[in-house]
Amino acid sequence: GTVLATDGKIYPAAVGGDAGCGVLAARVNVSAERLRDPEVSAEVLAGIARASPVVKRHQPLALPDDLEGRPLSASNLEREKKRTCRVQLGTVGRGNHFVELQADEEDQLWIMIHSGSRGIGTAIRQHHEARATRVAGGLRVLEADEPKGQDYLSDHAWALDYAQANRRRLLDGVLEVLGELLDARWVESLSLIHI
C-alpha cells in the first residue's frame, strides 16, 4: 500500500486498480471438527471450488439493482460493466485473493474471503488516469472538485460497491455449499477492510 497526502487532488495510479479490495469474514454454526474428516473436507473444498470460480463464470449473474441502475461516467466503462462485471461477480480473482475456511479458538468454523472489484476497478483506473494531467514525477492527477475528478470519484464509489457485492456473492456461494454438506448457516459476518 501507499499513503499520499493531497489537497483536493486525486492520483488514480496511487489509488490503484483493485478498488474495494478487502476482506469479509463470516462465522457459521458448525464446529471446525467436522472438516477433520478427509472425505468431508474434500467434498466441501470441491464444492467451494465450484461455487467460487477464480476468473469468470460460464453463466453471468445479474448485478444487484443498485449497481445495475447506476451508470458509470463513460461509454467504454459501461461496456466493460456489461461485458465483464456479470461474469466476474462472485469470483475470487488472482494474486493474493482467496476463499478459505478457518477455525477460531473455540473451534468454530469461519469463512474468510479476500477479493476486490476485479476487472472493472482496473478499467476505471486506466480510463481516468488517461484523462488526468501529468505532473512532476510522472504521476497523473485529477482535481477532485472538477468534473473529471467528480467522474472518477463516482466511478470509484461504484467499484467499491461492486467489490462488496462480489464478496457477498462469494459468501453466499460458500454458505450454500456448507448448508448442503454440513447443515451450516450464517451466524455472524464482519466486513473488515474496504479500500
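Predicted model: local features only at pLDDT ≥ 70, side-chain atom pairs only at ≥ 80, totals over all residues.

For the elements I take DSSP runs, helices being H or I of at least four residues and strands E of at least two, numbered from the N terminus. Read along the sequence, the protein chain then goes β-α-β-α-α-α-β-β-α-β-β-α-β. I get 6 helices and 7 strands in the protein chain.

Residues are numbered from 1 along each chain as its sequence is written, and side-chain values use heavy atoms, with hydrogens and water left out.

**Overall.** The C-alpha trace spans about 60 × 35 × 25 Å along its principal axes. I looked up burial (buried is under 20% relative accessible area, exposed over 50%, partly exposed in between; 1.4 Å probe, protein chains only). Buried residues are 45% of the 195 in the protein chain.

**Cores.** I count as a nonpolar core a set of buried Ala, Val, Leu, Ile, Met, Phe, Trp, Tyr and Cys residues joined through side-chain atoms within 4.5 Å. Which residues touch the most other members of the largest one? Among its 21 residues, they are Val28, Leu109, Ile111, Leu171, Leu178 and Leu182. Strand E2 (22–31), helix H2 (38–51), strand E4 (108–115) and helix H6 (147–182) each give two or more residues to this core. H6 supplies the largest share, 7 residues.

I then checked Leu109 for contacts (heavy atoms within 4.5 Å). Beyond its neighbours within four places in sequence, Leu109 touches residues including Ala26, Val28, Leu101, Leu178 and Leu182. A second, separate core has 20 residues, Leu67, Ala74, Leu89 and Tyr162 among them.

**H4 against H5.** Axes here are lines fitted to C-alpha atoms, for helices over the stretch in contact, and angles run from 0 to 180 degrees between N-to-C directions. Helix H4 (residues 75–88) packs on helix H5 (residues 118–131) at about 165°, axes 8 Å apart. I therefore log H4 as roughly antiparallel to H5 (under 35 degrees counts as roughly parallel, over 145 as roughly antiparallel, 65 to 115 as roughly perpendicular, the rest as oblique). Residues making the contact include Leu77, Lys81 and Cys85 of H4 and Ile120, Ala123 and His127 of H5.

**H4 against H6.** How far apart are the axes of H4 and H6? I find 12 Å, with an angle of about 10°, so H4 is roughly parallel to H6. Leu77, Lys81, Cys85 and Gln88 of H4 meet Asp155, Trp158, Tyr162 and Asn166 of H6.
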